[in-house]
Structure formats: C-alpha cells, structure tokens
Amino acid sequence: MTSSKSAIYWFKNDLRLTDNPAFALACAGVDCLLPIYIHDEQEDVVPHHFARVGSHRKRFLQESLCDLRSQLQQHGSDLFETSGDLTKIFLRLKVELGIERVYCESIVAPEELRQLQALKELGIEVIDLWQSSMLDPQSLPFAPEKMPDVFTQFRQQVEKHLLRFSEPVAAVKSVPQLPKQEVLFHSPINYERPKATDAFIGGETCAQAHLRQYFERHLVDSYKQTRNQLIGMDYSSKFSPWLSLGCISARTIAKGITDYEATHGSNEGTYWLWFELLWRDYFRFLHFKYGRKLYVSSGLGNQKSYPFNQEKFERWVTSNTGEPFVDAGMCELRESGFLSNRMRQIVASYWIYDMQGDWRAGAAWFESQLIDYDVYSNQGNWLYIAGKGTDPRGGRPFNVKKQARDHDPEGAYQRMWLNKTT
Ligand SMILES: Cc1cc2nc3c(=O)[nH]c(=O)nc-3n(C[C@H](O)[C@H](O)[C@H](O)COP(=O)(O)OP(=O)(O)OC[C@H]3O[C@@H](n4cnc5c(N)ncnc54)[C@H](O)[C@@H]3O)c2cc1C
C-alpha cells in the first residue's frame, strides 16, 4: 500500500502543465502522484451508426497525450494511459494501489458529472477544480446560476465590472514521484494517422508555439475583418483545437491579447478576439444555470426537434444534399476535422431548417468529426441556431444561396472541397 499522501491526477480536457491549477494543487498536496488518462469505453458507443470520436479527433488527442507524457517524463513522472470502464479502472487503482484521492478539472456537463458521482460512490475522495474558462465564475457580478440569458446582457455586465480574464498560474516546477508499485498499465494506444491536413498538431508545445506565432505575425490586427472567411489558416485564430483539449488555457490566450495590446495598442481585432472568447465562457456558464435541460430535444423551448431521419442524415454527412455550398462544407469537415465558424453556421442551419433534421444528430456528427469538439460550445451553438437555446431572435436560419454569394463569390471554396471528393 502507498502512503496516505498518494493520489491520482486524472487528466481530462486539461492536457497541459502551464496554468493548470488542479494539477498544481495535486502536486503541492501529495508525496506520490499517478497521472492518468482514460479513454472511456462510453466513447465507443455509436449513437447514429458512426464512431463517437472520429479519426481526426483521435489523432489530435493522441498527439496531445504524447506531448503531455514527454513533459511529465522530463519531470521524472509519466502519463499512464488506459481504456475501459471508468468505474472498474478506478476501483482497481483503489484496491491495488490503495489510492483513495483523485484530483481533476471540473466539467459541468451531464456525462462528466455522472462520472464523478460514480467515483464518489466508490468511496474515492474527488477534488475537482473549475479551470476551463477565461473568467473565474466566482468573479462574475452574479451567481452563474443566475446569469443573464442573453449574451449581450451577459457581456455588458462583464464589461461594466471591467472583467477581462483571471490570471493564469505558472507551470508546475516539480511533479511528485510515481507510486512505488509496479506500473499497472501503460498502454499508449496507436491510431492510424488520417491523410488530412497537418495544420493542427496536438499538444501544449504546439499550442504555445501557435500562440507566439499568431501574435508575432500580428494576425490579430485583421481578425475582425477576416474572421468570416473560409479558406486557409490565418483568417481566424485557430486556437480552438488546442483549447478543446486544454493544451492551452483561455486565460493564457486572453493574457496574450493583453500583452500584445500593451506593446502594440488595442484595436478592433484584439477586442473582437476577446469578445469571441467571452462567447466561449458564456456557453460554459449557461451549463451552471441550465445543466441537463440543454440536452433535451426541445432545449430551453417547448417545441421538440424534428424526428431523426437516417436517409436525410446520410445525404447531409456525405455531401449529397444537392446544395454545393453545404456539400463543400460537409466535405471539409470530413476531410480535415475542422470548419470555419461561418460554415458551421451554414451547414447546421441547412440541416435543421432546410432538411428538417434533428439538431441533436447534427451536434453528434460535429462531436464525432471536429478536432476542436467542446461539449459546451457545440451544444450551445447548435441550440442557438436551432432556436432552442438563448437566442433572443429565436433561431438562425441562413439563406444558403445568399451566404454563398457573400462568402464564396468566385466559388473557390466550393471548387476546393468538391473536387476533392470526385
Ligand atoms: C454549430 C456550431 C458548432 C460549434 N461547435 C464548436 C465546438 O465543438 N468547439 C468549439 O470550440 N467551437 C465550436 N463552435 C464555435 C466556433 O465555430 C469555433 O470555436 C471557431 O470556429 C473555432 O475557430 P477559431 O479558433 O479560429 O475561432 P476564432 O474565430 O479565432 O475565435 C477565437 C476563439 O473564440 C471561441 N469562439 C469563437 N466563436 C465561438 C462561438 N460561436 N462559440 C463558442 N466559442 C467561440 C473559440 O474558443 C475560438 O477558438 C461551433 C459553432 C457552431 C455554429
């Protein structure tokens, strides 16, 4: 048995050592620490005949885990990666290593809350810290459960109280030693690398490099003008994949904006990038207020979604809707695991309003495909477009032809992706 000062650090969507207060707390509080990552068996459940975690997401996750492992090894520790049923894994760790305390980040989505409850029922002490937002929920001028529903009102309150971001914490300097027992499991899982773009490489090292380059290249200056474009790496910040797995924190990016402003002055671009990160916080905090309600068919409204139709769904996901702009977007998503915000809005709107599809199936497809899949942002945005969330306009149907004329007037985007499938 290990000493009473042993614990597990359970990495979830916080695959970094810098600005990771939960990990820092664990390191400060124990003599022995076992860092683990678990590929939950639940993730293999196939809701609509497709993998819940598609190949692009798997690849990005694997790269991120490799980077984390090598950083932990540099500190004399390691990352133990396994897959299976969470409860069984924790039970085994409790029995075989005698570890009864788990530290982790807190995620307030229904599945993740159920997982923590299951651990507590095993008699495990769970110390979880909220750390995935730019603003500390405690610093808000209202209790998160009582936040304004409308984004503009939320933003105005935040700005009135001059809230920008909470200060990131430094990287841990030393990581406690591993428990003495023989290593129980150490099984990096090998994934096939898809032939997609290598523009995004997972891990904290690449995330920090991307942050540096983004500001060194002054891309933020033109962010407001370019953010609705469709082609290339530079039209928007592309922080989302790293943010989604926590390879970098929102606070670190917000501090990057503030540091940039201190040297180069503030401008529309710096403000707008912060503003978008505030949207990210907003969708997080809505979970404190509405929780499970955000996951039911009618969302916060009283009208159920359209029923699921497999044939229509197949046409949408395989780029066979007959609407070239939508088909191009769905192709980009499949081929690259990424899609601009504008195209996400267009294909989502087309699925919900033109094809009368179940918004939850659309959200599930995005979950499977997007390398930046984030439970709060995905759920929140789908509900918003479906008019079942907090949009004061009651939903966002997009006129696809007009969108194509406005955002792809020469058809370059459509040619680029549609030629790929033929
Ligand atoms: C239907 C739909 C589903 C979406 N699903 C996801 C998802 O699973 N994961 C995800 O990270 N984003 C999601 N978004 C939001 C948005 O499209 C992406 O965050 C953005 O396109 C990522 O590219 P970027 O990092 O270059 O963004 P930028 O435009 O550079 O924005 C900077 C950051 O602000 C945040 N942000 C920007 N727009 C939004 C938004 N509308 N909602 C929440 N945060 C935002 C992101 O963290 C982003 O990285 C979704 C949007 C729609 C319409």
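H14 passes helix H15 (residues 375-386) in a right-handed crossing. A crossing is right-handed if the near helix is turned clockwise from the far one by less than a right angle, and left-handed if anticlockwise. The model is predicted: local features need pLDDT of at least 70, side-chain atom pairs count only at pLDDT 80 or more, and totals for chains, interfaces and linings use all residues. Residues are numbered from 1 along each chain as its sequence is written, and side-chain values use heavy atoms, with hydrogens and water left out. Helices (H or I, at least four residues) and strands (E, at least two) are DSSP runs, numbered from the N terminus.

The axes of H14 and H15 come within 10 Å and cross at roughly 145°. Axes are lines fitted to C-alpha atoms, for helices over the stretch in contact, and angles run from 0 to 180 degrees between N-to-C directions. On the H14 side, the contact (heavy atoms within 4.5 Å) involves Trp359, Gly362, Ala363, Phe366 and Glu367. These residues meet Asn378, Gln379, Trp382, Leu383 and Ala386 of H15. By class, the contact of H14 with H15 has six nonpolar, three polar and one charged residues. Here Ala, Val, Leu, Ile, Met, Phe, Trp, Tyr, Cys and Pro count as nonpolar, Asp, Glu, Lys and Arg as charged, and the others, Gly among them, as polar.

H14 (residues 359-369) also packs against helix H13 (residues 341-354). The angle is about 145°, and the axes are 9 Å apart. The crossing of H13 and H14 is right-handed. H13 contributes Arg344, Val347, Trp351 and Ile352 to the contact. H14 contributes Trp359, Ala361, Gly362 and Phe366. The residues of this contact divide into six nonpolar, one polar and one charged.

Arginine 360 is placed in helix H14. Arginine 360 counts as partly exposed, at 34% relative accessibility. Buried means under 20% relative accessible area, exposed over 50%, and partly exposed in between (1.4 Å probe, protein chains only). Not counting residues up to four places away in sequence, arginine 360 touches Tyr295, Val296, Ser297 and Ser305. The C-alpha atoms of arginine 360 and valine 296 are separated by 8.6 Å. Along the chain, these two residues are 64 residues apart.

The loop between H13 and H14 holds glutamine 356. Phi of glutamine 356 is positive, near 50°, in a residue other than glycine. Most residues other than glycine have a negative phi. Glutamine 356 is partly exposed, with 39% relative accessibility. A positive phi of about 55° is also found at leucine 162, although leucine 162 is not a glycine. Leucine 162 is located in the loop between helix H5 (151-160) and helix H6 (204-216). Leucine 162 is exposed, at a relative accessible area of 73%.

Leucine 178 lies in the loop between H5 and H6. With 23% relative accessibility, leucine 178 counts as partly exposed. Its contacts, leaving aside neighbours within four places in sequence, are Cys32, Leu33, Leu34, Pro35, Ser77, Asp78 and Phe80. A C-alpha separation of 7.7 Å is computed between leucine 178 and aspartate 78, which are 100 residues apart along the chain.

Helix H1 (residues 21-29) has the buried residues Ala22, Phe23, Ala26 and Cys27. Seen down the axis of H1, these buried residues fall within an arc of 135°, so they line one face of the helix. The arc is that of the directions from the helix axis to the C-beta atoms. An α-helix has 3.6 residues a turn, so residues three or four places apart point the same way. The cover over the buried residues of H1 includes strand E1 (6-11), strand E2 (32-40), helix H2 (55-74), strand E4 (101-105) and strand E5 (125-129).

Serine 6 is found in strand E1. Serine 6 is buried, at 4% relative accessibility. Beyond its neighbours within four places in sequence, serine 6 is in contact with Val30, Cys32, Ile99 and Arg101.

A search of the whole structure finds zero disulfides (pairs of cysteine sulfur atoms within 2.5 Å). Cysteine 32 is buried, with a relative accessible area of 8%. The closest cysteine sulfur to that of cysteine 32 is in cysteine 27, 12 Å away and too far for a bond. Cysteine 206 is partly exposed, at 30% relative accessibility. The sulfur of cysteine 206 has its closest cysteine sulfur in cysteine 247, at 8.9 Å, also too far for a bond.
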